[in-house]
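Dear colleague,

I am passing on a structure that you have not worked with before. Please have a look at it first, and then read the notes that follow.

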Amino acid sequence: MASEIRDEEEMNIIQSQRPSDSTLKKLRSSADPVLIVCNCFSFITALTAILCILVNVLSAITSFKDGSIFDGIFRCYAVGITVFVVLAETEWGWFFKYWRVLEFWAGRGMLQIFVAVMTRAFPDVTGKRKELVLLHDISSYLLLACGATYVISGLLCIGSLKRDRQRKETTREQAIKDLEEMECRREELEALLLMDRP
């Protein structure tokens, strides 16, 4: 009788120490606002870079059709370099391993400014392709604004702040995952303990 009371007391103590499901959900759902803003800006920059790729592909096609080989080759180089901008925005670890400078926001911003200038270069002076020139202007100025924002943010060490917060977020998610695994293991052990009781 006394051992049953002691076992019940131990189970009550274990139950009171267990984190509730609502606590785990609250820990999981809370997101860092700095990371959210940075991810949104990265998404906008990637979309702008994709727009630059489309504009430069269209310009390369029309340049080759018009017989302007130099302009067509220049546009192909612009497309190739813009692909690096899109890959940098994905923040793929393998890519950063080989292009370390693009991990830093100032370097990423300078590349975006370079691509914006390449996209804006050699406008159609004949006036035949006004829509394409308008797309050139829009995409180049958007990417120029993104690049300038990256350079200024890089100089203000916002990129370092983001990387630090990402590390903390990863550590926090791993701790929550470990806590959930320990909770499952505890429930299994409690079930075994209850089954072993006489």
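**The largest pocket**

The lining of the largest pocket is made up of six charged, three polar and two nonpolar residues. Please keep in mind that this is a predicted model. The pocket holds about 220 Å³ of space, and its lining consists of E91, G93, F96, E103, W105, R108, G159, K162, R163, Q166 and R167. Two or more of these residues come from each of α5 (93–98), α6 (105–120) and α8 (158–196), with α8 giving the most, namely five residues.

**The nonpolar core**

The largest nonpolar core has 14 residues, and those with the most contacts inside it are A49, V85, A88, F95, F96, L102 and L143. The elements that give two or more residues to this core are α3 (33–66), α4 (69–90), α5 and α6, and of these α4 gives the most, with four residues. If residues up to four places away in sequence are not counted, L102 touches F84, A88, F95, F96, G107, R108 and L111; of these, F96 and R108 also line the largest pocket.

**The annotated spans**

An unreviewed UniProt entry lists residues 34–61, 67–87, 99–118 and 138–158 under "transmembrane region". In the model, residues 99–118 are 70% helix and 0% strand, with end C-alpha atoms that lie 20 Å apart, while residues 138–158 are 90% helix and 0% strand, with end C-alpha atoms that are 26 Å apart.

With best wishes

Technical notes: Residues numbered from 1 in each chain as written. Predicted model: local features only at pLDDT ≥ 70, side-chain atom pairs only at ≥ 80, totals over all residues. Heavy atoms only, no water. UniProt positions renumbered as here; feature names shortened; annotations may be inferred. 1 Å grid on protein atoms, 1.4 Å probe; cavity = no way out; pocket = protein on both sides within 12 Å on 5 of 7 lines; lining within 4 Å. Points joined across faces, edges and corners; volume = space filled by probe spheres on them. Nonpolar A, V, L, I, M, F, W, Y, C, P; charged D, E, K, R; others polar. Core = buried A, V, L, I, M, F, W, Y, C linked by side-chain atoms within 4.5 Å. Buried < 20%, exposed > 50% of the residue type's maximum accessible area, 1.4 Å probe, protein only. Contact = heavy atoms within 4.5 Å.
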